[in-house]
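Subject: Structure handover

Dear colleague,

I am passing on the structure below, and my notes on it follow. Please read them with the model open beside you.

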Amino acid sequence: MKERIQKVVGDEAKNLWMGTFHSVFARILRVEADKINYPTNFTIYDSDDSKSLIRDILKEQNLDDKIYKPSVVLNRISSAKNNLYTWKDYQDNTDYTSDDSSTGKPKMGMLFEMYSKRCFKAGAMDFDDILFNTWRLFNEHPEVLYKYQNKFKYVMVDEFQDTNFAQYIIVKKLAAIHQNICVVGDDAQSIYAFRGANIQNILNFEKDYDELKTFKLEQNYRSTKTIVQAANSVIVVNKNQLKKDVWTDNHNGEKIRVLKALSDNEEGYQVASSIFEDKMNKQLQNKDFAILYRTNAQSRSMEEALRKQNIPYRVFGGVSFYNRKEIKDLLAYFRMAINPQDEEAMKRIINYPTRGIGKTTVDRIIEFSVLNSENTWNVIQNINTLPVGINSGIRDKVFEFGKMVRSWQIMLKDHSAYELASHISSACGILTELYNDRTPEGVNHYENVQALLNGIKEFSEDGKIPLEAPSAEQELPALRTLDLYLQDIALLTDADNEKDGDDNKVALMTIHSAKGLEFKHVHIVGLEENLFPSQLSVNSRAELEEERRLFYVAITRAEQKLTLSLAATRYRWGNLISSQPSRFLEEIDSACLDMPAPKGNALFDDVDERGGWGSYGGNTQSNYRGNSKSNGNKSYSGSQTKYSNKTSSTAKPTTPIGGNDVPKGFKKVGSASPTPIISDFVADDPSKIVVGVQVEHQRFGRGQVIAIEGRVPENKATILFDGQGQKQLLLKFAKLRVVED
DNA sequence: GGAGGCCTCGGAAGG
DNA sequence: CGAGGCCTCC
């Protein structure tokens, strides 16, 4: 985007600040954080750090994490902060508190308070704090606000429908003097209401500025008439929408195809085949295609089919590089070197690789730090003189750990990011630990860490352009140190991180991440009830409308051709389930659809007794349920050898599905997976486990089933093991073998 | 203290 | 199915 602006306005574009709210505000806070008593080297907690901290607090407070689910607690705190409530405001607000007591969570306000204080003590901000603290900074320090008001004489916001309250209020403050503010948004594409985005901001905007000019952008320059018409016919079903009339001057284009498959794997096969044909027939490139899905889990069957047909693809999102355990571990070491108060980083690595500092010791350190309002880093450093209640042997180990971290702190300022990073990774023992694991997964972990170190090397050495170009008064630092690297990546997403130079690949992503993008050919897959629209949305009008807007976004990604697809059965969480066509299919103006029409023109009435669509003409022979795991490298370049090398050792045998070879259990909804369990211990099908039979368990040995209770798949067996006593085991997990007498 | 197995639970998403 | 928490056993 910056490059495009530069083409219009020239080099001056280099001085403008552009980024997400979070990255722009984090950049301000890196300079100003001391004014609100944070260190400028503050850590940014990701949501895993936040949840882990909440889990700790719950334990300390003896609260049940089934009642106070960490994700729910975090959401609650998050939404309060996004509405600019401090923990005090929260506790004083009867709407919040009475709601909490009526849902049986009266301690929520206290958790909010403790969570905030613990983050502060650790020198850490979570994602919401980046907004919240920017607001505080501007409120409490008018001179700082004034400085940025004059720095940003013009403010523009894209995707305005996705802003939350805090973001809007801060932007309003920034624009308050010059009043040069321009926002662009589309209510029909609001797909983040579930996390606090507020469509109300668009309406408020009209009230907040009297000298307002509104421009309706109703001409679509991207898509064919067919696609625009289809999108309009879908969105009109929503009651809650701003009236507009989107049209296009483009050609009619092709009708929308609907592919129907028996299984998710077959759907993948059909989609891949269709891409292959279009590529050949229309001389298109891989990058002209996108496959969009509702949930990341759907990528697997697509990836497999593309791989088999040698079509290069790239999966966006999913488990990102920076979310992998080995990467987070190493980054936690770096975080310690930069901000040793960072409690979550400390917890992660103080005993990894193991150095004899166990859970009990860590708990005592934290307990002591909480009771004495001290940060954990000071406790660790002074472990020998403080009455923490740890024996001297372990005290020495803790002290050594602190000494190691201190030595890195000293190196921080006069070593490059790479020098320090490679030093840390050897000194802390992670490299050796990972190197010694010669399993395929272990090798992969080691390679990932090497890849991270290579990235840091690049950052340190060849002066990679920083994400945010320095403004005039900011000098480019002579030495690119590790703290600068961490700032650079803390707010990165996968999309910013395409290393592989070859970008001529089919794009696979969720519809959420496809917003703002466009492709010549788009496949929207998995158009089934309870998947799209999501099962969790179908009971609420508002949520269903958000799903529909999501479908609208998906349709409008396509320039020339749109293909929809659905499967009669698919694996979800290991179970084969059957599904019904999505209601959204019926909402599309049928004039836009090119029906496969096996019987007349009905899409839905040809479901056969197996729960599948009988008359479909695809090739089933290569459809099977594979089990190859994603191996970290989610990008595939079309080299079959490379792929098989990487996965051969993790690939599992497969079970054929589809065609006439339908396995038992095909029709059962929610039945246990027919996929064989592969391990040294071969288990029997749970249906064979009945009262009276003799069974063998890998660990407990032989026993007799004396009762079965509950319904599949939650059914449990009570088994009397020889010499082990009676145990209750969930059949879907316990690997049991029937012993023939 | 550490390893390994059992069991629970899962949403889409950004930062 | 897979990740991660937790419990148990050594």
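The accessible surface of chain A comes to about 36100 Å², and carbon and sulfur atoms account for 50% of it; accessible areas come from the Shrake-Rupley method with a 1.4 Å probe, and for residues only the protein chains shown count as cover. This is a predicted model, in which local features need pLDDT of at least 70 and side-chain atom pairs count only at pLDDT 80 or more, while totals for chains, interfaces and linings use all residues. Residues are numbered from 1 along each chain as its sequence is written, chains are lettered from A and ligands numbered from 1 in the order in which they are written, and side-chain values use heavy atoms, with hydrogens and water left out.

Of the 741 residues in chain A, 49% are buried, where buried means under 20% relative accessible area, exposed over 50%, and partly exposed in between (1.4 Å probe, protein chains only). The chain has 27 helices and 20 strands, which are DSSP runs numbered from the N terminus (helices: H or I, at least four residues; strands: E, at least two). Among the contacts in chain A with a separation of 6 or more, 72% are between residues 24 or more positions apart, contact meaning heavy atoms within 4.5 Å.

Strand 8 (residues 506-510) is largely enclosed by the rest of the structure, because five of its five residues are buried. Val506, Leu508 and Thr510 lie on one side and Ala507 and Met509 on the other, so that both faces are covered. Strand 8 pairs in the parallel sense with strand 6 (residues 289-293) over four bridges, and Ile291 stands opposite Leu508 there; two strands pair if DSSP finds at least two bridges between them. Strand 8 also pairs in the parallel sense with strand 7 (residues 313-315), over three bridges, with Arg314 standing opposite Ala507.

Asp126, found in strand 2 (residues 124-126), counts as buried because its relative accessibility is 2%. Its side chain makes a polar contact with the side chain of Lys81 at 3.0 Å; a polar contact is a pair of N or O atoms within 3.5 Å, and within protein one must be able to donate a hydrogen and the other to accept it, with residues adjacent in sequence counting only if both atoms are side-chain atoms. Leaving aside neighbours within four places in sequence, Asp126 is in contact with Tyr45, Ser50, Lys81 and Tyr115.

With kind regards
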